[in-house]
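Open the model in your viewer and keep the selection tool at hand. The stops below come in viewing order.

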Amino acid sequence: MPKALVSLFILFLIDRVLKIYFWQHTSFAYLNQNISFSLSIGRYFLWPILFLLIIFVYFQCLKNYQKNTKHFYAWGLILIGAISNILDRLHYGGVIDFISVPYFTVFNLSDVFIFCGVVYLLVTKIKAK
């Protein structure tokens, strides 16, 4: 498990460095003040929801770490992605997105982490049934 913690920390650092680099040195960065796919939710609803989700994901991550389960890494990806996006919201007033897919959306590496963690959890849940 220590290797998983180190790899999650490295992924977190890579995400933070890329966001800061794209924000400060390129014209590719976009500040998204909404949620996924630029859907508007309103900040009075956003912060309580984010707070509850972070707590839930943190305890899922902790539980899976203590039990040494294969789901720890998936929950860890979701957690580092969420924390990185929250840091953006606190520091910049929105999430720094820099990966643009034509005719789709603009997103960042944190979003990829969250997506991969959720997909892994869903696939393993479906396979278990």
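Buried means under 20% relative accessible area, exposed means over 50%, and partly exposed lies in between, using a 1.4 Å probe and protein chains only. The model is predicted, so local features need pLDDT of at least 70 and side-chain atom pairs count only at pLDDT 80 or more, while totals for chains, interfaces and linings use all residues. Residues are numbered from 1 along each chain as its sequence is written, and side-chain values use heavy atoms, with hydrogens and water left out.

**Stop 1: Asp-88**

Select Asp-88, in helix 3. Helices are DSSP runs of H or I with at least four residues, strands are runs of E with at least two, and both are numbered from the N terminus. Is Asp-88 buried or exposed? Asp-88 is buried, because its relative accessibility is 0%. Now show its polar contacts (N or O atoms within 3.5 Å, one able to donate a hydrogen and the other to accept it; residues adjacent in sequence count only if both atoms are side-chain atoms). The Asp-88 side chain meets the side chain of Lys-19 at 2.8 Å. It also reaches the backbone nitrogen of Ile-96 at 3.2 Å. Contact means heavy atoms within 4.5 Å. Beyond four places in sequence, Asp-88 touches residues including Arg-16, Gly-93 and Val-95.

**Stop 2: the aromatic rings**

Next, select Phe-22 and Phe-98. Rings of Phe, Tyr and Trp (its six-membered ring) pair if their centres lie within 6.5 Å; planes under 30 degrees apart are stacked, over 60 edge-to-face, the rest tilted. The whole structure holds 6 aromatic pairs. Phe-22 and Phe-98 are stacked, because their ring centres are 4.5 Å apart and their planes are at 10°. Phe-22 sits in helix 1 and Phe-98 in the loop between strand 2 (95-97) and strand 3 (99-101), so the pair ties together parts 76 residues apart in sequence. Phe-98 is buried, at 10% relative accessibility.

**Stop 3: Asp-111**

Move to helix 4 (residues 109-128) and pick Asp-111. Asp-111 is partly exposed, with a relative accessible area of 25%. Which residues does Asp-111 contact, leaving aside neighbours within four places in sequence? They are Asn-85 and Asp-97. The side chains of Asp-111 and Asn-85 make a polar contact at 3.1 Å.
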